Amino acid sequence: MAPAKRRSSNRNSLKAPLITAADTESPLTTPIHTPEPTANDHDEHSGAPEEANAHDDDDSEQRCPACTDATRELMHGSRKENWIECDNCNTWYHWRCVGNGEDVRNIAKWYCEACTKADPTRIMTLKPPARKSSRKRTQRDYANLNSGLGSDPNRFLRMLETKEIKPDSFKRMKGSELESWLEDDETAMREPIVIEQPEGLGMKMPPRDLTVEHVAEYIGEDSPLEVMDVASQSTAPGWNLGKWADYVELEPSKREKILNVISLEISGTELANMILPPKIVRDLDWVENFWPSTRKGKNNAYPKVQLYCLMGVAGAWTDWHIDFAGSSVYYHILHGSKVFYFIRPTPANLAAYEKWSGSELQYQTWLGDMVDEVYKIELIEGNTMIIPSGWIHAVHTPVDTLVFGGNFLHSYDVATQLRVREIEIATQVPKKFTFPIRPCDRLRLLEMLILCCRLCWYVGDKYLRDLKSASGASYSPRVLNGILTLAEFLVSEARVLETGSETAKKEAKESVPTDRVKDGPSVARELRWRVKQAMGYPSDDEGGKSVVVGNKRKRMDDGGEMSHFRNFRPKTWDLSAMEKAEESTREAQAKKPEDGEELDQTWISGDPEGGDRATVRTNVEKVSKVRRTGRGIERHWIERRVEEWSWQ
């Protein structure tokens with residue numbers, strides 16, 4: 001049985017202009033013209049009749065054949081009206097004008113009064129009721145709360161009244177101070193910071209009077225939406241943006257449930273054109289800087305996590321969590337306020353979170369009782385916060401609030417990012433909470449892991465090319481430590497490619513982006529060797545300890561290198577030695593490349609011909625390694641030649 005044809009007409013909508021952070025007080029003034037309702041179920045229905053399409057001369061609102069002064073008054077100023085089409089004469093009517101109180105979405109067939117009088121057999125019929133599952137659902141209910149409060153969304157706040165919460169000591173900064181902070185402060189990107197005003201951040205945000213209704217207009221009212229039921233901390237099904245906008249417009253006392261939206265990703269929408277993340281985020285973001293631009297876009301799978309719209313109503317609560325893949329977060333309060341509760345990502349606290357997350361403890365225990373300290377920080381309209389990797393947090397929404405933010409991975413704390421990834425794998429976190437957000441099932445979890453791992457390969461490949469470049473790349477010690485951690489992770493992935501099970505090999509192979517990385521194991525090991533060279537480590541690229549004897553460095557085998565990563569099994573050598581064989585200086589002719597100029601193939605094949613006089617300093621190292629194998633003895637002789645070109 002085909003459903004009755006219905007349409008919604010929207011009124012009083014506004015579009016906001018694109019502005020910078022300095023323009024956040026600009027009003028919303030440009031009207032949106034709503035298209036007339038048309039039939040969408042059968043080709044023979046040409047749309048609403050002239051009566052339904054006609055506009056009143058006084059207020060330009062749409063009419064239907066059954067409109068009266070009373071219904072017109074009720075509809076005046078309403079955000080949305082439902083229409084229904086007669087299944088016999090195809091005339092469109094306001095459901096408010098002809099309805100009997102039934103939910104229009106439940107109607108299968110409907111006939112207008114004239115058609116019913118002409119043929120009394122024409123009667124309204126309803127869709128059959130949806131089959132409901134009898135499966136028992138688990139509700140989150142902490143043991144220290146009174147029995148029966150499992151469906152009470154306010155129980156989280158009542159619980160806080162009995163807990164010790166410390167005020168935060170996080171830095172408050174100006175946007176213009178962030179660049180020097182990142183360069184000079186060893187704790188940068190290790191603790192949350194708050195930027196109280198948007199000036200100097202180099203970001204763009206919509207006007208502060210943007211509403212949830214405008215969000216629905218920009219993205220589309222029919223767009224499906226993941227909505228969280230605060231009481232159960234689980235997904236409430238059947239929502240779209242139009243329905244959500246209607247819910248938010250209700251007075252708080254008329255909302256049957258407290259709901260929350262924390263995962264609306266808006267990349268590629270009209271609303272996204274109004275937003276630009278802070279400059280520091282764009283400078284650090286792995287996806288922004290390392291994922292190939294040719295592999296982004298509508299038809300490509302890539303981590304779309306840079307732009308989120310979060311819409312919470314008064315009383316909303318998001319329980320303890322870590323942002324997916326250990327990603328960092330930028331978080332801007334357009335209007336409203338949020339209260340964050342933070343737990344520091346120490347090894348002990350992360351271990352407690354891993355034990356708590358995904359287990360029965362999550363429904364019985366307040367995580368704050370399992371860790372050392374909980375900090376509280378309140379954000380208000382205009383504040384921006386950057387949350388570093390791994391920080392465990394819960395969030396309370398005191399008033400209706402609209403937030404824009406996004407997630408990003410970076411090179412300043414790779415170890416924590418990978419540690420959180422291990423927690424996600426160990427606890428089988430549902431896909432909607434991992435990187436990037438997807439529906440929750442095993443197949444999607446696998447897809448997420450592949451995508452995240454592919455990003456690591458892109459990053460490693462780019463760093464390797466930079467470290468190999470003739471000019472040489474210069475990185476801070478913190479970034480070099482991050483690259484080394486990344487390299488060791490990629491070497492562990494290379495071991496899986498070489499010696500893992502067939503299933504593990506298949507998963508690891510799918511994560512290697514063959515458009516950039518042709519030989520994953522070689523890239524991983526060379527990256528590790530080159531970053532160790534840049535950090536002044538011994539040259540033995542397979543790890544292990546070395547001692548210097550004269551001008552030679554001998555390996556002292558300690559039985560293998562301990563790894564922080566699963567599946568990491570480094571090679572071991574019985575003996576390894578390095579000798580600095582030669583140091584020399586010579587003069588050569590070569591054109592000095594300009595800053596930013598791309599080097600051509602002549603630098604690979606030999607000395608370029610002609611140009612300016614340059615001084616070339618050459619260092620040659622010889623490395624030899626030997627070990628027993630199942631077939632006998634394996635010996636490696638390696639000569640490394642490094643040239644430094646400089647011009648007067």
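**A few notes on this predicted model**

1. Strand E21 has both of its faces covered: Thr401, Val403, Gly405 and Asn407 are buried on one side, and Leu402, Phe404, Gly406 and Phe408 are buried on the other. This is a predicted model, so please read each point with that in mind. In a regular strand, side chains alternate between the two faces of the sheet. Since 8 of the 8 residues of E21 (residues 401-408) are buried, the strand is largely enclosed by the rest of the structure.

2. Which strands pair with E21? One is E14 (residues 308-312), which pairs with E21 in the antiparallel sense over 5 bridges. Here glycine 312 has threonine 401 as its bridge partner. Another is E16 (residues 328-335), also antiparallel to E21 and joined to it by 7 bridges. In that pairing, isoleucine 333 stands opposite valine 403.

3. Now to the surface, where Glu594, Asp595, Glu597 and Asp600 gather in a patch of negative charge. Glutamate 594 belongs to the loop between strand E24 (575-590) and helix H18 (602-605). With a relative accessible area of 54%, glutamate 594 is exposed.

4. Two backbone angles are worth a look. Most residues other than glycine have a negative phi. Asparagine 90, however, has a positive phi near 65 degrees, in the loop between strand E4 (80-85) and strand E5 (92-94). Asparagine 90 is partly exposed, at 25% relative accessibility.

5. Methionine 189 also has a positive phi, of about 65 degrees, although it is not a glycine. Its loop lies between helix H6 (178-184) and strand E10 (193-195). Is methionine 189 buried or exposed? At 1% relative accessibility, methionine 189 counts as buried.

Definitions and conventions: Residues are numbered from 1 along each chain as its sequence is written. This is a predicted model: local features need pLDDT of at least 70, side-chain atom pairs count only at pLDDT 80 or more; totals for chains, interfaces and linings use all residues. Side-chain values use heavy atoms; hydrogens and water are left out. Patches are made of residues with over 30% relative accessible area and no salt bridge: like charges are joined within 9 Å, nonpolar side chains (Val, Leu, Ile, Met, Phe, Trp, Tyr) within 5 Å. Accessible areas come from the Shrake-Rupley method with a 1.4 Å probe; for residues, only the protein chains shown count as cover. A salt bridge is a side-chain nitrogen of Lys or Arg within 4 Å of a carboxyl oxygen of Asp or Glu. Lys and Arg count as positive and Asp and Glu as negative; His and the chain ends are not counted. The place of a charge is taken as NZ of Lys, CZ of Arg, CG of Asp or CD of Glu. Helices (H or I, at least four residues) and strands (E, at least two) are DSSP runs, numbered from the N terminus. Buried means under 20% relative accessible area, exposed over 50%, partly exposed in between (1.4 Å probe, protein chains only). Two strands pair if DSSP finds at least two bridges between them.
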